[in-house]
Amino acid sequence: MIDFALLFDYSEEYMEGLRNTLYASLIALAGSFMLGTIVAVLRMTPVRPLRWLGRAYVEFFRNIPLLLVVYIFFLGLPALGIILSGFVSGTIGLTVYTSAYIAEAIRAGIMAVPAGQSEAARSSGLTYIQTMRHVVLPQAIKIVVPPISNQFLNLVKNSSILGVVSGFDLMYYADIVNSETYQTVNALFMAALLYLLLTIPLSYATRLLEKRLARTG
Amino acid sequence: MKQRQGKPFTGILLVCMLLVLSACGGGNSSGGSGGEGTVTGGAGEAESGIIAKIKERGKLVAGVKYDTKLFGLKDPGTGVVEGFDVDMAKALAKKLIGDETKLELKEVTSKTRMPMLNNGEIDLIIATMTITEDRKKEVDFSDVYFKAGQSLLVKKGSPIRSIDDVTADTKVLGVKGATSIKNIEEKVDGLRVQQYENYQEAFTALRAGQGEVLTTDNAILFGMSQQDPNYEVVGGTFTDEPYGIAVKKGETGLVEAVNELLKEMKDSGEYAKQYEKWMGEAPPAE
Amino acid sequence: MDFIGAYSPDNLSFLMEGLGMTLRLALLAIALSFIFGCLIGAIRYARVPVLSQVLGAIVGTIRNLPLLLLIFFARFGLPELGLPITPFWSAILALTVFEAAMISELVRSGLQSVEKGLVEAARASGLSYMQTLWHIVLPIGLRRMVPPIVSQFISLLKDTSLVVIVSLAELMHNAKIIMADFDFVFPILILVASIYFLVNYTLSQVARRLETPQH
């Protein structure tokens with residue numbers, strides 16, 4: 001039933017899908033980390049409107065489906081005159097959606113840093129931004145590595161959303177191969193293998209990292 | 001202390017059990033109204049005598065499009081699905097069971113129709129399906145009931161006027177599982193079509209500016225240009241797409257019944273009437 | 001853009017029908033995945049020989065696959081393998097399998113967080129292993145796991161939107177039918193986002209309220 005010939009017959013499609021899945025994941029990974037850090041800092045500033053803005057951002061994107069976020073960029077923005085391709089809107093949607101989760105993870109990490117430390121830093125003359133940058137964030141990031149790496153794993157899996165907006169990723173090509181060959185199980189099995197090729201090392205690395213952090217404290 | 005700690009867990013578990021029960025009940029009672037979620041007949045039962053099975057069940061289960069104007073389009077307001085394909089299904093229900101209302105429609109897309117037929121979820125496909133040699137290996141087709149040909153839909157004023165204007169860099173949209181993808185990719189070297197789940201999504205993507213051209217059969221494109229007059233069909237047809245009604249391989253009895261119906265409808269003038277009702281013109285001479 | 005046309009009574013009731021299906025999918029899958037997640041989590045915590053390893057391998061594989069792929073497989077792959085399943089139940093199956101794998105990991109780490117001393121004390125006071133598990137470890141561990149499990153439930157509710165790829169008539173599917181009119185795209189996207197937001201935000205607030213009174 002499982003016939004690996006399919007993987008070779010459609011190697012071009014599968015490889016391009018794998019490549020695009022990897023690109024989308026890497027771009028969204030970097031983007032969501034940066035965006036998430038900014039939002040986390042916003043969430044904790046002493047300036048109230050900014051804090052609200054950060055909260056609204058996190059609550060909004062954590063409570064609506066990823067597919068909807070992607071549709072907002074793919075179909076909603078064109079209604080306002082901005083046209084983004086399936087790959088671009090899928091990757092942006094993925095970035096924005098994941099960044100809300102990362103922001104929350106980072107915030108939890110920042111809160112875990114004793115308040116006394118930042119008070120001490122502030123009273124020794126550092127500005128708020130300097131305190132964040134040099135005292136709080138470096139410690140917090142250590143605490144939040146496990147939850148964040150978990151989000152990255154989710155991100156790779158969630159990148160399959162590109163398949164729905166014609167983003168030429170692995171899921172998209174699995175679907176195309178299925179449509180052309182009428183071999184659903186086979187076409188999906190090959191895609192599953194390729195996804196596992198990306199995700200299993202990632203989750204293994206996550207666990208290793210977690211263990212190492214737990215040991216060093 | 002121990003007792004009090006035990007409660008939240010047992011509570012959550014109980015609530016979940018209740019949810020399962022209530023949702024099961026809900027799922028069964030309301031599944032039918034949506035046309036989804038009900039089992040129709042035993043999928044994977046004996047192959048022979050599907051007509052007998054349809055008669056015994058008292059209804060015909062046909063897979064039609066829900067998103068294709070003129071052939072099968074669902075109105076969100078009324079929930080009614082209408083089109084040429086739907087009318088063919090009604091006529092067939094009348095012929096087989098004697099009552100055109102003894103019909104259950106199920107939504108199919110170009111991608112899902114083959115597996116749904118082969119899994120026994122539907123008795124036949126009446127869904128703008130082109131008869132091809134490849135597909136004949138998977139299913140059995142009736143005689144041609146509609147002659148379409150592949151064409152192009154563009155925004156009015158587009159520089160693309162025919163298939164000759166399409167190059168490898170043109171952004172072309174299509175639908176997963178449709179013959180039109182292969183056709184145009186063979187005609188235009190190096191072209192890569194962006195494929196969507198169904199025609200509605202592809203058309204929405206076209207209107208959102210995600211592509212310059214949407215390609216599929218002319219009849220479907222005419223329906224779209226009726227939905228939004230800012231779009232037009234250009235360049236005539238560059239392939240022949242004869243539509244057939246598909247049944248599970250080996251169900252020759254049903255194929256014969258469909259062919260008989262087609263002949264009857266053509267002889268009585270009923271076919272021409274239906275054709276004109278949806279297409280706004282008389283069917284082409286044979 | 002046409003807000004008034006998009007929010008016509010017909011369209012609104014069509015969306016509500018979709019929401020009904022979304023909620024039915026979500027509630028059923030939440031209940032089933034919670035039950036199976038607890039079961040699998042407990043088996044893996046207790047290290048039941050063989051079963052624990054087998055489940056571990058299955059959970060590990062499923063957690064590393066996209067849900068979209070599982071939904072597709074349950075809908076069209078299973079029948080190809082000779083296992084007939086209705087569209088509704090294929091969606092429930094895919095959601096349950098995926099979320100139960102997630103929840104089982106949460107449950108397992110929740111149980112592992114229960115102090116060893118407590119377990120030893122319970123065993124020493126004469127409780128059997130199963131009694132200790134049921135009366136001491138499960139209640140304490142689960143309570144600690146309430147927040148992540150609730151956010152997993154919210155994820156599940158959002159994930160139901162993915163079954164749109166197998167044309168089950170849930171909220172997203174019905175929204176897309178209405179969006180066939182391009183003037184309605186933007187208004188409907190906003191409305192549907194608000195509906196999902198309202199349901200999920202309420203769920204998370206209720207969960208938060210449930211957590212606070214304790215301790």
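**View 1. Charges of chain C in the predicted model.** The 14 positive and 13 negative charges of chain C have mean positions 16 Å apart. Lys and Arg count as positive, Asp and Glu as negative, while His and the chain ends are not counted. Each charge is placed at NZ of Lys, CZ of Arg, CG of Asp or CD of Glu. This is a predicted model, in which local features need pLDDT of at least 70 and side-chain atom pairs count only at pLDDT 80 or more, whereas totals for chains, interfaces and linings use all residues. Residues are numbered from 1 along each chain as its sequence is written, chains are lettered from A and ligands numbered from 1 in the order in which they are written, and side-chain values use heavy atoms, without hydrogens and water.

**View 2. Helices of chain C.** Chain C has nine helices and zero strands; these are DSSP runs, with helices (H or I) of at least four residues and strands (E) of at least two. Along the principal axes, its C-alpha atoms fill a box of roughly 70 × 50 × 20 Å.

View 3. Residues 21-42 of chain C are 100% helix, with end C-alpha atoms 31 Å apart. Residues 184-203 of chain C are 95% helix, and their end C-alpha atoms lie 28 Å apart.

**View 4. Burial in chain C.** Of its 215 residues, 58% are buried, meaning under 20% relative accessible area (1.4 Å probe, protein chains only).

Definitions and conventions
Buried < 20%, exposed > 50% of the residue type's maximum accessible area, 1.4 Å probe, protein only.
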